[in-house]
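Let's take a walk through a protein chain together. Keep the sequence and the 3D view side by side as you read.

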Amino acid sequence: MVVLGIETSCDETSAAVVTGHGDAVEQRSLVILSQDVHRIFGGVVPEIASRAHVTAIVPVVDQALHEASVTLSDVDVIAVTNAPGLVGALLVGVSYAKGLAFGAGKRVLGVHHMEGHLFAQSLEHPNAVPPFTALLVSGGHTLLIDVPAWGDYHVLGATRDDAAGEAFDKVAKLLGLPYPGGRHIERIARDGDPSRFRFARPMLRKNQQPGDDDYYDVSFSGLKTAVLLAVRASDNIERDAPHIARGFQDALIDTLTEKVRRAAEQHDRQRVVLGGGVACNQALVAAIRTRLADSGAEVYAPSVRLATDNAAMIARAGLFHAERGETDGWGLNAFASLPLGGSEQRKARSE
């Protein structure tokens, strides 16, 4: 099966081709065009993102087909991200995918963006397949998921306010660092003294038990406020920035690492899959591997290209659904928010 994937959920215009069957899948091409203009504004501007997708989507798709040495006639299914994300940006991808599919007589499939992140690591690591515990951490989402099988997703916990990536961006701004902030926080934190600023680990209590409503959930708004107060109290922010960054990163990583350990232990999972842009943070990956070393669990983290928003993961998820005989009609729509898995996702795809 040959699947063309299209991704336009935020500020990356991406297209990719994957081929294969079951879990034996080959990534034939991946093109990602990032919109650097948003750095000027310190965050993504939805209207600018949508207009940039309109300009870029045709050449990006053409390049993905060319690099894969296939033509549109060779494609069996066109898979496109239809939720969640910036609805204007999503509509560009969905509208183009439907038009392309209609004109070429191809099937079209809507793919949940976060489901794509679950599949991304399997393109690089053949063993990154269910059953596993997944931690998806990006600028817009923080989800802890139990995955017994492809298509069977149980969200155990989520952020109650800010996503992990958003927290990195906000703290970077407080410290005068560029957007996006994750890699800059990680860079200066390497030179930070972990004992200078120790922030509370949010939503971690020693007496928490499975079944408590905060056992798997996370919250980073209080941590951001603590960093803000530390910045305001500093009489030399240039001197203190690495130490504040280290204290912030350690608190966030300790929280996520403990939540992952709980999920893997409670569900007896020997595989942990990380996804999303924050999964590129090497301190986070190392901490989770160290924490799970005694259990023997394998931890799979994506490369930078597959951690960011990309169409290869959308094509991979689309291949799974296509092989099950699923398809969407021309009424396929885009949604700014949508739960992962379950009847609501299927209903939205069929509308």
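A salt bridge here is a side-chain nitrogen of Lys or Arg within 4 Å of a carboxyl oxygen of Asp or Glu. By this rule the structure has 18 salt bridges. Before we look at some of them, a word on where things come from. This is a predicted model, so local features need pLDDT of at least 70 and side-chain atom pairs count only at pLDDT 80 or more, while totals for chains, interfaces and linings use all residues. Residues are numbered from 1 along each chain as its sequence is written, and side-chain values use heavy atoms, with hydrogens and water left out.

Start with arginine 160 and aspartate 217, whose side chains meet in a salt bridge (3.0 Å, N to O). This pair links distant parts of the chain, 57 residues apart: arginine 160 is in the loop between strand 8 (152-158) and helix 4 (164-174), and aspartate 217 is in the loop between helix 5 (182-189) and helix 6 (221-233). Helices and strands are DSSP runs numbered from the N terminus (helices are H or I with at least four residues, strands are E with at least two). How covered up are the two partners? For that we use relative accessible area: buried means under 20%, exposed over 50%, and partly exposed in between (1.4 Å probe, protein chains only). Arginine 160 counts as partly exposed because its value is 45%, and aspartate 217 counts as buried because its value is 14%.

Aspartate 162 is buried at 11%, and lysine 224 is buried at 15%.

Now for a local pair. Glutamate 166 forms a salt bridge with lysine 170, the closest N and O atoms being 2.9 Å apart. Both lie in helix 4, 4 residues apart, which is about one turn of the helix. Glutamate 166 is partly exposed at 25%, and lysine 170 is partly exposed at 36%. Salt bridges can also join up: Glu258, Arg261, Arg262, Glu265 and Arg291 are linked in a network of them.

Next, find the open sheet of 5 strands, with the order 3-2-1-4-5 and mixed pairing. Which strands stand at the edges? They are strand 3 (24-34) and strand 5 (107-112), each with a single partner strand, so one side of each has no neighbour in the sheet. Two strands pair if DSSP finds at least two bridges between them. Strand 1 (residues 2-7) and strand 4 (residues 77-83) run parallel and are joined by 4 bridges. Within that pairing, leucine 4 stands opposite isoleucine 78 in strand 4. Helix 2 (residues 87-104) packs on the sheet, touching strand 1, strand 4 and strand 5, and its direction makes about 155° with that of strand 4. Such angles run from 0 to 180 degrees between N-to-C directions, and the axes are lines fitted to C-alpha atoms, for helices over the stretch in contact.

Glutamate 12 belongs to strand 2 (residues 12-21) and counts as buried, because its relative accessibility is 10%. Setting aside residues up to four places away in sequence, glutamate 12 touches partners including Ile32, His53 and Asp309. Contact means heavy atoms within 4.5 Å. Alanine 49, in helix 1, is buried with a value of 0%. Alanine 49 and aspartate 11 are 38 residues apart in sequence and 5.5 Å apart in space, C-alpha to C-alpha.

Most residues other than glycine have a negative phi, and most peptide bonds are trans. The bond from alanine 83 to proline 84 is cis, with omega near -20°, and proline 84 is in the loop between strand 4 and helix 2. The bond from proline 130 to proline 131 is cis too, with omega near 5°. Serine 69 has a positive phi of about 60° although it is not a glycine; this serine 69 lies in the loop between helix 1 and strand 4 and is exposed at 64%. Methionine 203 also has a positive phi of about 60°, but methionine 203 counts as buried at 19%.
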